[in-house]
Amino acid sequence: MSTLSELDNEDLYGQDLARSAVTYQQSVEVDVKNSEAWQNLGEARLRLGQWAKSEEAFRRVTQLKPNSNWAYYRLGESLLKQGLFVEAEEAFSKSIGLKSDFYWSRYGLSQALSEQNQLEKAVSTLLNATKLKPDHIFAYQLLGDLQMKQKCWAEAVEAYETAIKIDSKFVWAYHNLG
């Protein structure tokens, strides 16, 4: 027979997110120091589009596990979804400070910087991210978009073409190449 924790994870990763959120909410009410339950509650809330509630859960994880780069990354994602770009930048930066080679925090940071119109910093961050994960087509899509905003046409075309080389069916890149 499965344990409650195993059932929770089956719901979370099996996509019964609403049920998972209820179960994890009950778990954290029983044990407010259960960082794994808070983490999974945050994941469920994030996937359900409940950005403020996911933020709350991930903030709790960062209190319980202050050295968790993943918790700061997911906190950044929650803040980014709410349009809280300065706070998202801080969370992503904290995640990078804890684990400098964590691609996803660099990608998220570039998004937060872009939304604050800090295009040069966003491009620089994204170029560093692509060194860590050179096959992520969305990074090249975003890089091309940022370079278009800066009127760096040749660099933008190169970024879009790189995305197409990675995945020849990547329609967005073709669209931007016109």
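At what angle do helix α7 (residues 103–115) and helix α8 (residues 119–132) pack, and how many Å apart are their axes? In this predicted model, the two helices pack at an angle of about 165°, and their axes lie 8 Å apart. Because angles over 145 degrees count as roughly antiparallel, α7 and α8 are described as roughly antiparallel to each other. The crossing in which α7 passes α8 is left-handed.

On the side of α7, the residues that take part in the contact are Tyr103, Arg106, Tyr107, Leu109, Ser110, Leu113 and Ser114, and these meet a set of residues in α8 that comprises Leu119, Lys121, Ala122, Thr125, Leu126, Asn128, Ala129, Thr130 and Leu132. When the residues of this contact between α7 and α8 are sorted by class, 9 are nonpolar, 5 are polar and 2 are charged.

The pair belongs to a chain whose secondary structure comprises 11 helices and 0 strands, so that, in the order of elements from the N terminus on, the chain reads α-α-α-α-α-α-α-α-α-α-α. The C-alpha trace of the chain spans about 55 × 30 × 25 Å along its principal axes. Of the 178 residues in the chain, 45% are buried, and, among the contacts in the chain with a separation of 6 or more, 46% are accounted for by residues 24 or more positions apart.

Conventions. Residues are numbered from 1 along each chain as its sequence is written. This is a predicted model: local features need pLDDT of at least 70, side-chain atom pairs count only at pLDDT 80 or more; totals for chains, interfaces and linings use all residues. Side-chain values use heavy atoms; hydrogens and water are left out. Axes are lines fitted to C-alpha atoms, for helices over the stretch in contact, and angles run from 0 to 180 degrees between N-to-C directions. Helices (H or I, at least four residues) and strands (E, at least two) are DSSP runs, numbered from the N terminus. Angles under 35 degrees count as roughly parallel, over 145 as roughly antiparallel, 65 to 115 as roughly perpendicular and the rest as oblique. A crossing is left-handed if the near helix is turned anticlockwise from the far one by less than a right angle, and right-handed if clockwise. Contact means heavy atoms within 4.5 Å. Ala, Val, Leu, Ile, Met, Phe, Trp, Tyr, Cys and Pro count as nonpolar, Asp, Glu, Lys and Arg as charged, and the others, Gly among them, as polar. Buried means under 20% relative accessible area, exposed over 50%, partly exposed in between (1.4 Å probe, protein chains only).
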